[in-house]
Amino acid sequence: MVGVPRSKGCRICVQRRVKCDLTRPKCKNCVKGNRPCPGYDTDLRIQDEGTKLRKRFGQKHPHESKSDVESSSPATSSHSQSSGSSPEESVELASRYDTPERDPSLYRVDVLLPSRNAFISPFESQFRPDADLFSLRSTVPNLTAQPRDVGINLGVPFEMTLNHSLCSPNLAQEQLLGTFFSAITPSGSAIIFPQQLQSHVRWLSQLPNLFGCKLLDNAVRAVSLVHLSRMHQLESLEQESRRFYGRSLRLLNDALSDNAQGMSTETLSATILLSFYEMFASDSNQAWIRHAGGASTLMRIRGPSKHRSGLDRDVYLAYRHTIYIEAFERDEPCFLSEPSWVELAKQVHEDLRHSGTMQHERMELFDLAEEFYLENIFIPATCHDAMKSSKMGQILSPNGYQEYQRSILDRCRSHRAKLKSINLRFAAALKRIGLEATVLQTRDPVFPVQYMYVNVFISSSYVGYYTIMIILNLILKEMESAEGPGQTGIYVMENKEFVREICRTTSYMLKSSFLGPFFIIFALRLSLMVLEPGVERDWVMRKLREIGSTHMKMAADISVLKQDREGEELTQIDPRDFDIDWNDVGINLEDCHLEDLEQPQDYQSMETSHTSFS
């Protein structure tokens with residue numbers, strides 16, 4: 001439709017098709033004929049040019065017959081009563097050219113109304129979450145094609161086609177996701193490491209290729225919005241995210257009931273994102289562990305060969321550190337330490353080493369980070385065996401129990417020595433290329449010395465080292481205490497210094513809105529097991545409360561905080577109200593038909609009930 005200028009004469013002269021002298025307030029023709037002059041219109045006439053253009057370029061509308069073309073007359077609209085088209089004519093024209101009004105799933109009148117939230121307004125108007133628009137794809141024509149090949153519906157008003165034809169249906173969703181993975185690296189990082197070390201960014205940046213899957217779309221929206229709500233402290237965004245979160249859980253339940261869909265990359269990615277959502281939105285530590293356990297189970301069932309390359313490889317690289325942290329939280333061995341998964345890690349590492357140009361100094365850091373990982377994945381099993389030591393004492397003979405304890409001690413000492421060696425080489429490599437931490441003097445009364453790192457990769461590596469060393473020292477202290485206090489004093493002193501190093505690194509870790517807070521929460525919680533009551537322990541408690549209110553709510557889930565909060569009335573909706581009963585979710589391993597599906601010896605008796613995520 002185009003605007004066509006009307007004649008400037010009065011309406012009677014226009015209707016009589018005579019020349020008007022434009023005399024105001026009454027033209028001479030009306031005065032001479034003793035008629036009241038109706039005045040002059042200055043608006044535009046809106047005329048449908050779609051039929052003319054289709055005839056010109058040889059394109060015929062699929063629902064338009066020859067009689068329609070011949071009998072159709074221009075639809076006009078005017079501010080005056082005499083030239084305006086009736087509502088019936090407008091509806092008829094809209095239905096003739098298949099405007100979105102004809103299909104309620106393609107257009108909703110209410111999306112043009114003001115949104116509940118100014119930020120969400122463009123998001124709602126593009127996605128229309130209450131309608132089934134996930135199947136929409138951009139219909140932007142090929143600009144290089146000949147005019148006769150361009151399938152443009154010229155009869156659709158511009159405001160109705162803006163979201164559907166001119167803009168990508170996933171544009172706002174991609175922008176939301178971009179705000180999430182761009183916050184993984186702290187603002188102001190001086191050094192950007194090669195792509196091989198940016199596993200989360202590589203994985204998340206590829207998710208738009210999978211958009212159109214309802215489960216993944218809703219999971220992306222949920223975690224992106226709740227992340228924004230924590231960054232900007234906007235309760236309205238968190239409330240908005242809950243709608244997508246609840247919908248994601250229902251869709252996830254449906255996906256897991258189908259073997260093919262349950263094993264898809266989209267389902268795995270969505271499950272991982274939902275575990276991230278729980279970190280931000282739930283004040284229960286068990287909530288994210290439950291979802292992380294679900295993602296771990298899905299990844300394990302899919303098998304290592306499924307994650308050998310492509311997007312599945314990046315999913316594995318992005319989540320594997322979370323998997324062994326989840327294993328620590330559950331006090332269970334980590335399946336990533338199984339031989340097939342260890343071999344996968346080595347193959348993927350070699351592939352990444354040769355996938356692009358990387359300076360020798362950076363390559364050394366890349367190799368040392370992989371050494372950290374390959375050592376850490378075996379430690380949850382050592383901790384698991386140490387925790388059940390007392391039970392084994394009731395089962396084994398005295399000689400057998402003594403051998404069992406000696407085995408745990410040897411493994412702990414071996415882990416400890418290897419990690420110390422890796423850390424020394426890691427620090428030396430950073431110093432050689434000038435990337436060691438900067439020491440800052442602050443006004444903090446408890447920890448005035450704070451560390452500033454060049455990026456979150458380096459700071460997280462150090463925090464991970466301190467955390468694992470504390471765990472190993474606690475085990476060694478407990479098991480060697482019978483030999484005398486002199487044997488355990490070194491572990492106590494080391495742990496106190498490790499805790500102080502963690503506290504000095506906390507401020508920098510909180511510059512990131514996701515990875516930094518996640519790793520530091522685990523470390524600070526563990527620090528409470530080392531520190532005695534006093535100013536340092538109080539500092540850690542305050543910091544966890546702060547992280548819980550500004551970054552991730554799960555940080556506040558510790559026993560002392562729960563006691564402090566007794567009697568409080570929680571006004572918000574708990575995201576756990578939407579949780580899936582994972583006991584009702586099972587995947588039949590026999591129906592997966594994956595060649596790489598192997599049952600390790602420790603899990604030969606795995607049945608459907610054991611694959612539940614709770």
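**Close-up views of aromatic rings**

**View 1. Phe-372 and Phe-426, two buried rings.** Both of these residues, Phe-372 and Phe-426, are buried in this predicted model. How many aromatic pairs does a search of the whole structure find? The search finds 27.

**View 2. Trp-288 meets Phe-518 edge-to-face.** The ring centres of Trp-288 and Phe-518 are 5.4 Å apart, with 85° between the planes, which makes this aromatic pair edge-to-face. Trp-288 belongs to helix 14 (residues 285–302) and Phe-518 to helix 23 (residues 515–527), so their pairing ties together parts that are 230 residues apart in sequence. Are these two residues buried or exposed? Trp-288 and Phe-518 are both buried.

**View 3. Back to Phe-372 and Phe-426, an edge-to-face pair.** Here the centre-to-centre value is 6.0 Å and the planes make an angle of 75°. Phe-372 sits in helix 17 (residues 360–376), while Phe-426 sits in helix 20 (residues 398–432).

**View 4. A cluster of linked rings.** Phe-372 and Phe-426 also belong to a cluster linked by ring pairs. Among the other members, look for Tyr-451, Tyr-453, Phe-457 and Tyr-508.

**View 5. Arginines over rings.** Which ring does the charged end of Arg-243 sit over? It is the ring of Phe-244, whose centre is 5.0 Å from that charged end. Turning to Arg-320, you can find this residue over the face of Tyr-373, at 3.8 Å from the ring centre.

Definitions and conventions:
Residues numbered from 1 in each chain as written. Predicted model: local features only at pLDDT ≥ 70, side-chain atom pairs only at ≥ 80, totals over all residues. Heavy atoms only, no water. Phe/Tyr/Trp six-rings, centres within 6.5 Å; stacked < 30°, edge-to-face > 60°. Helix = DSSP H or I, 4+ residues; strand = E, 2+ residues; numbered from the N terminus. Buried < 20%, exposed > 50% of the residue type's maximum accessible area, 1.4 Å probe, protein only. Lys NZ or Arg CZ within 6 Å of the ring centre and 35° of its normal.
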